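Have the structure open and follow along.

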Amino acid sequence: MAGRFEPGTSRTTVRGGHTRVPAGIPRQARGGRTRRWTPPWPLDLGLVLGPLRRGPADPTFRTTPDGSVWRATRTPAGPGTLRVAVRDGDVEAEAWGPGAEWLLEQLPAFLGALDDPSPFVPRHRLVAHAQHRRPGLRLTCTGLVMESLIPSVLEQKVTTDEAYRAWRLLVRGHGEPAPGPDERLHVMPEPRVWALIPSWEWHRAGVDNKRASTILRAVRVAGRLEEAAAMEPEQAMARLELIPGIGPWTSAETIQRSNGAPDAVTIGDLHLPRIVGYALAGERNTDDEAMLKLLEPYAGQRHRAARLILLSGRTPPRREPKMRRVDIGAW
């Protein structure tokens, strides 16, 4: 585990939205549409885009030795692949597929340009150190709801490894190869395809009927849910929570990514209250109510504060077994 102010990667820092991006030399363009953009802050691709990665084998997300981050997604204009890299402070982006133009138009927001961290004032030494060590932290705003909602539903009440496996199997098995030169990337299925996945495929991926049914209800009204990306975070979360099976935990995890909501703190998490309580007050048995009280000084920026706490790597010593993994696909 990382030390108290150690910026290295641990299980907790990864959960805080950090993925390693090799410091290589980006390759030349490969025939896609291109855009160059200069952010007015020290951009850290691993911090900004880390929350979008669903495990090291995510078929929609890759980092490559040349320092690039690749992402395949389904935009309003259709499937698209985006490659971004930073060279001498400039962002070089390249995109392929029907969604290429949309992805390049959204590039600044995607890399955190809509996020304003200036109102955030650290109230704890640990948070101040974490912010100092992560100057490139900005909250991404993808403008896409379903791509974050579905994997968040898959993560309900299971281990992260189980959720990542389910996402990987379902996207590879029912999605489509991503446009562009990277043959390993896949675009997640469109709503109609999600609705047609047979029950045994959900079972094989380890997804129980409750989570599968929630996803099926969501994809039936995918168009209405995508509208939440243009709403204020509170309204957006309320829109998502109209779907049975989607509660505050899932809606917050989604809106954090789709809307870049700095105050959408995750409620109902198994570990986050204890991590926050231990980091800020030395308490290892903190519940949601106590966590929210500890985060009151960060009102309006509670999600940012929670991310910095996770990125600090400060976690309570483990005194109980890990959550048991259950593979229903083996039944």
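## Ground rules

This is a predicted model, so local features need pLDDT of at least 70 and side-chain atom pairs count only at pLDDT 80 or more, while totals for chains, interfaces and linings use all residues. Residues are numbered from 1 along each chain as its sequence is written, and side-chain values use heavy atoms, with hydrogens and water left out.

## The overall picture

The protein has 16 helices and seven strands. Both are DSSP runs numbered from the N terminus (helices are H or I with at least four residues, strands are E with at least two). Of the 331 residues, 55% are buried. Buried here means under 20% relative accessible area, exposed means over 50%, and partly exposed is in between (1.4 Å probe, protein chains only).

The accessible surface comes to about 15200 Å², and carbon and sulfur atoms hold 51% of that; the areas come from the Shrake-Rupley method with a 1.4 Å probe, and for residues only the protein chains shown count as cover. Looking at contacts (heavy atoms within 4.5 Å), take the pairs at least 6 apart in sequence: 69% of them join residues at least 24 apart.

## Two nonpolar cores

A nonpolar core is a set of buried Ala, Val, Leu, Ile, Met, Phe, Trp, Tyr and Cys residues joined through side-chain atoms within 4.5 Å. The largest one has 34 residues, and M146, L149, L170, W194, W202, V207 and I215 touch the most other members. The elements giving two or more residues to this core are helix 6 (146–154), helix 7 (160–174), helix 10 (209–220), helix 11 (222–226), helix 12 (233–240) and helix 13 (248–258). There is also a second, separate core of 22 residues, which includes L49, V69, A95 and L144.

M146 deserves a click. Leaving aside neighbours within four places in sequence, M146 is in contact with P151, M188, A218, V219, A222, L225 and E226.

## Helix 6, under cover

Helix 6 is mostly covered, with nine of its nine residues buried. Those buried residues pack against strand 3 (69–75), helix 7, helix 8 (191–196), helix 10, helix 11 and helix 13. S148, in helix 6, is buried with a relative accessible area of 2%. Not counting residues up to four places away in sequence, S148 touches R54, T254 and R257.

Now for the partners. Helix 6 and helix 7 pack at an angle of about 130°, with their axes 8 Å apart. That makes helix 6 oblique to helix 7. For the geometry, axes are lines fitted to C-alpha atoms, for helices over the stretch in contact, and angles run from 0 to 180 degrees between N-to-C directions. Angles under 35 degrees count as roughly parallel, over 145 as roughly antiparallel, 65 to 115 as roughly perpendicular, and the rest as oblique. E147, I150, P151 and L154 of helix 6 meet A163, A166, W167 and L170 of helix 7.

Helix 13 is largely enclosed by the rest of the structure, as ten of its eleven residues are buried. Its cover includes helix 6, helix 12 and helix 16 (302–312). Just after helix 13, G260 takes a positive phi of about 60°.

With helix 6, the axes come within 9 Å and cross at roughly 145°, in a right-handed crossing. S148, L149, S152 and V153 of helix 6 make this contact with W249, T250, E253, T254 and R257 of helix 13.

On the helix 12 side, the axes of helix 12 and helix 13 come within 9 Å and cross at roughly 130°. Helix 12 and helix 13 are therefore oblique to each other, and this crossing is right-handed. The residues in contact are P233, A236, M237 and L240 of helix 12 and P248, S251, A252, T254 and I255 of helix 13.

## A last stop at R224

R224 lies in helix 11 and is partly exposed, with a relative accessible area of 49%. The C-alpha atoms of R224 and L240 are separated by 9.2 Å, and the two residues are 16 residues apart along the chain.

How values were computed. A crossing is left-handed if the near helix is turned anticlockwise from the far one by less than a right angle, and right-handed if clockwise.
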